[in-house]
Every structure is written in C-alpha cells, then in structure tokens.
Amino acid sequence: MNNWQELTITIHREAEEAVSHLLIETGSQGVAIDDSADYLGQVGKYGELFPEVEQADMVKITAYYPDSADIVAITEQVNERLANLTGFGLATGVIQLSTQALAEEDWAENWKKYYEPTRITHDLTIVPSWTDYEAGAGEKIIKLDPGMAFGTGTHPTTKMSLFALEQVLRGGETVIDVGTGSGVLSIASSLLGAKEIFAYDLDDVAVRVARENIELNPNMDDIHVSTGDLLKGVGHEADVIVANILADILIHLTEDAYRLVKDEGYLIMSGIISEKWDMVRSSAESAGFFLETHMVQGEWNCCVFKKTDDRSGVIGG
C-alpha cells in the first residue's frame, strides 16, 4: 500500500494561484486550499449558515506527494522558488512550511473531504468526478477531478466568474478563457450556451488538466484548449473574454482584449485582490472598456467590463 506525504504552506492570499502552480510543478499530485474567504456567507448542506469567520490575509495550501518523493529536497526547492516569487510583486508574507506522512486511506479521505457537490449559481453545480449526483430540474452539472487542478470552482474568484458568465451569456457566443487552469469556466460557458470556446493557459500541466476535465463532461466538442501566453497571437474575435488570474497579469491583457472583443461584448476579470482593484479598473478603462458590474467577496474582486459607446445603464463600482 502506498503512503503519501503532505506538505503545507501558509502564504499570503494574493500568491495562492502562483504557489499552487509551483507545487504541481514540483510533483504534487494535488493541492487543497483552506481559505477563510471561502466560508463568508456560505450555507451548510442542511441549510444552516456558517458562523461568522474572521477573514485572514493568509491561506493554507496543502500539497500531496507520493511516498517515493524526496520530500526534503522538494521542501528546499519550494523554499527557493517561493523566495523568487517576491520578485514578481507577490506579497508572500511569512512563509511557513510543514510536512507529515499520510497513509493511502487517510490521503483519500483527506483529499475528498475538501470536495463535495456544490451549487455555485442558480443554474450551475460543481460535482467531483467520483461522486454520484442526480441533477435537479434545470440544474447544470460541471464534473471536475480536482486531483491536479488549480481550481475546483468553489473559490470566491471562480464563483464570481461563474456568476458573471451566467449573467452575460445568452446563447450562441464565442468565448475566450484566458488562464483556463482546471477548465471550469470553459465548461460552464458551454453549458450556458456558448457556441465555441477557446481556452488558453501558459502552463502545459494546466492545458492537460483542462482537457481531462472537459472529457469528464459530455458534449464539450465546442471547447478548444491550447497553450498560450495571455492573448498574444490570438486573432479571432469573441463576444466574451474571461480571465481569472492575478491582478498583475490582468493589466497586461486589457489592450488585446479590447482589440478582440466585439462591439457590445464583455471582458470578465477576476482574481483581483482589493488593494489592486483600482489598478485593474484603470487598465481596462484606459483600453476603452466601461465598467458594468463590480462584485466583491471578502478581499476578492470580480468585474464585468463592456465594449460599448453607450454608457447608459452602466454601473460603477
């Protein structure tokens, strides 16, 4: 019977996505994120509200490695890579590392306890791939295997992105998903009626994971996944562009997004920590977009910008 090793990092929330990628790159078979923001305003499985949770700036990321992995060498490598992240403007704060051995059955239970079917929006429910779940009337199911994913759809940034897609998609649209990660936003776009979705990620692992998750869901032939650096080299227009990535990266795609979004089309951006919201808004508006909707959950921001000459009905945030 195989055993597993658990490595836990406490890191500033803003570095969450970058560190998750880093851990996957060092051989982790999956990461689980414990973030107090996930519980804000949430309802339990029996309808009860979670008690008020004080939101901390730090989140805990737990990575799982096979027993055969050299956890000491991996820890040293992770430490070195984390130190280099500070050069990219990530407020990593105090880095805490801990490791422990985990038996196979404990790993399985620890892993799966983080994920259960979760109703995200009025129409969309995310279901772990190993779970038998019967959809209710009008309910759209997104099957995901979070084993190697960078997002399971339950994080506030993804929830708000899904809500935004639900608001703007009416059917027949072309969507571009920038930094697709687990592929959850592309799958949702297809379920919400988009006719064609182009998903890009700079990370080859993410591209593979997205394809695997897309295969778990039927009738997803309209999604095309490939390696790409933001919107560089992309020439096809879209009705909607969605990007759930770091704020420091989002500001580098707004000009290309304006070039590619059709008139009256939308740019949805999420993954924005509160202190960088003004920077992202300024970048989008300088490119020519108007802010239509601004959503906030905890310290996270999501925004819907529209490419239009008509400012009527546009909501500031």
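**Figure 1. Lys 307 sits over the ring of Tyr 258 in this predicted model.** Here Lys 307 lies over the face of Tyr 258, 4.4 Å from the ring centre. Tyr 258 itself belongs to helix H8, which covers residues 254-260. With 27% relative accessibility, Tyr 258 falls in the partly exposed class, because that class runs between the 20% and 50% cut-offs.

**Figure 2. Tyr 258 also takes part in an aromatic pair, with Phe 289.** The count for the model comes to one such pair. Its ring centres are 5.2 Å apart and the planes meet at 85°, so this one goes down as edge-to-face; the cut-off for that label is over 60 degrees. The pair ties together distant parts of the chain, with 31 residues separating Tyr 258 from Phe 289. Phe 289 comes from the loop between helix H9 (277-287) and strand S13 (290-297).

**Figure 3. Asn 244 and its polar partners, Thr 157 and Thr 158.** Asn 244 is part of strand S11, residues 238-244. Its side chain makes a polar contact of 3.3 Å with the side chain of Thr 157, and another of 3.3 Å with that of Thr 158.

Figure 4. Why does Asn 244 count as buried? Its relative accessibility is 12%, and buried means under 20%.

Methods. Residues numbered from 1 in each chain as written. Predicted model: local features only at pLDDT ≥ 70, side-chain atom pairs only at ≥ 80, totals over all residues. Heavy atoms only, no water. Helix = DSSP H or I, 4+ residues; strand = E, 2+ residues; numbered from the N terminus. Buried < 20%, exposed > 50% of the residue type's maximum accessible area, 1.4 Å probe, protein only. Polar contact = N/O pair within 3.5 Å; in protein donor to acceptor, adjacent residues only side chain to side chain. Phe/Tyr/Trp six-rings, centres within 6.5 Å; stacked < 30°, edge-to-face > 60°. Lys NZ or Arg CZ within 6 Å of the ring centre and 35° of its normal.
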